[in-house]
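Hi,

Here is the structure I said I'd pass on.

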Amino acid sequence: STQSTGSNEFFVQCLLLHPVVKMSKAKRKKPQRSGSNVFAIFDQQQIQEFKEAFKIIDQDRDGFISEKDLKDMWASLGIIQDDKFSADMVKVSPGQINFTALLTFMGEKLSDTDPEDVLHNSFACFDVQNTGYITQA
């Protein structure tokens, strides 16, 4: 079982762990705060990719991400999580997690990250054999 270092990193984990939800490399617009319209933070392609990710996470298709959705989603990835883990993830949001809440959360989390090329170059420094993996020392 894989445990997160913090429940507030849950959505990022979901997007990175699921192979279907690989974000496109087109335009790579860095999220920026822009008034209250969360949809202005991302380009249309990114929004579509987040919609696809939301559909994968929303296992019961009711338009909201619940503790049960999270547990079922993790199980579909072959990862068994306990009820507390899923409950802690849902507590990240002050209310129900609909698509807009997910998009807002992702905008906030991604606004504090380095651009993809910086992350890629940093990874490459440790991947000296160019295998796509970093070995544990």
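Predicted model: local features only at pLDDT ≥ 70, side-chain atom pairs only at ≥ 80, totals over all residues.

Residues are numbered from 1 along each chain as its sequence is written, and side-chain values use heavy atoms, leaving out hydrogens and water.

The chain has six helices and zero strands (DSSP runs numbered from the N terminus: H or I of at least four residues for helices, E of at least two for strands). Of its 137 residues, 34% are buried (under 20% relative accessible area, with a 1.4 Å probe and protein chains only). Take the contacts (heavy atoms within 4.5 Å) between residues at least 6 apart in sequence: 61% of them join residues at least 24 apart.

Now the first pair. Helix H2 (residues 44–57) and helix H5 (residues 99–110) have axes that come within 10 Å and cross at roughly 120° (axes are lines fitted to C-alpha atoms over the stretch in contact, and angles run from 0 to 180 degrees between N-to-C directions). H2 and H5 are therefore oblique to each other (under 35 degrees would be roughly parallel, over 145 roughly antiparallel, 65 to 115 roughly perpendicular, and the rest is oblique). Ile47, Phe50, Lys51 and Phe54 of H2 touch Phe99, Leu102, Leu103, Met106 and Leu110 of H5. By class, that contact of H2 with H5 has eight nonpolar, no polar and one charged residues (nonpolar: Ala, Val, Leu, Ile, Met, Phe, Trp, Tyr, Cys and Pro; charged: Asp, Glu, Lys and Arg; polar: the others, Gly among them).

The other pair is H3 with helix H4 (residues 83–90), packed at an angle of about 120° with axes 9 Å apart. That makes H3 oblique to H4. On the H3 side the contact uses Glu67, Leu70, Lys71 and Trp74; on the H4 side, Asp83, Phe85, Ser86, Ala87, Met89 and Val90. The residues of this H3 and H4 contact split into six nonpolar, one polar and three charged.

Trp74 deserves a click. It sits in helix H3 (residues 67–76), and at 1% relative accessibility Trp74 counts as buried. Trp74 and Ile57 are 17 residues apart in sequence, with 8.7 Å between their C-alpha atoms.

Cheers

Technical notes: Buried < 20%, exposed > 50% of the residue type's maximum accessible area, 1.4 Å probe, protein only.
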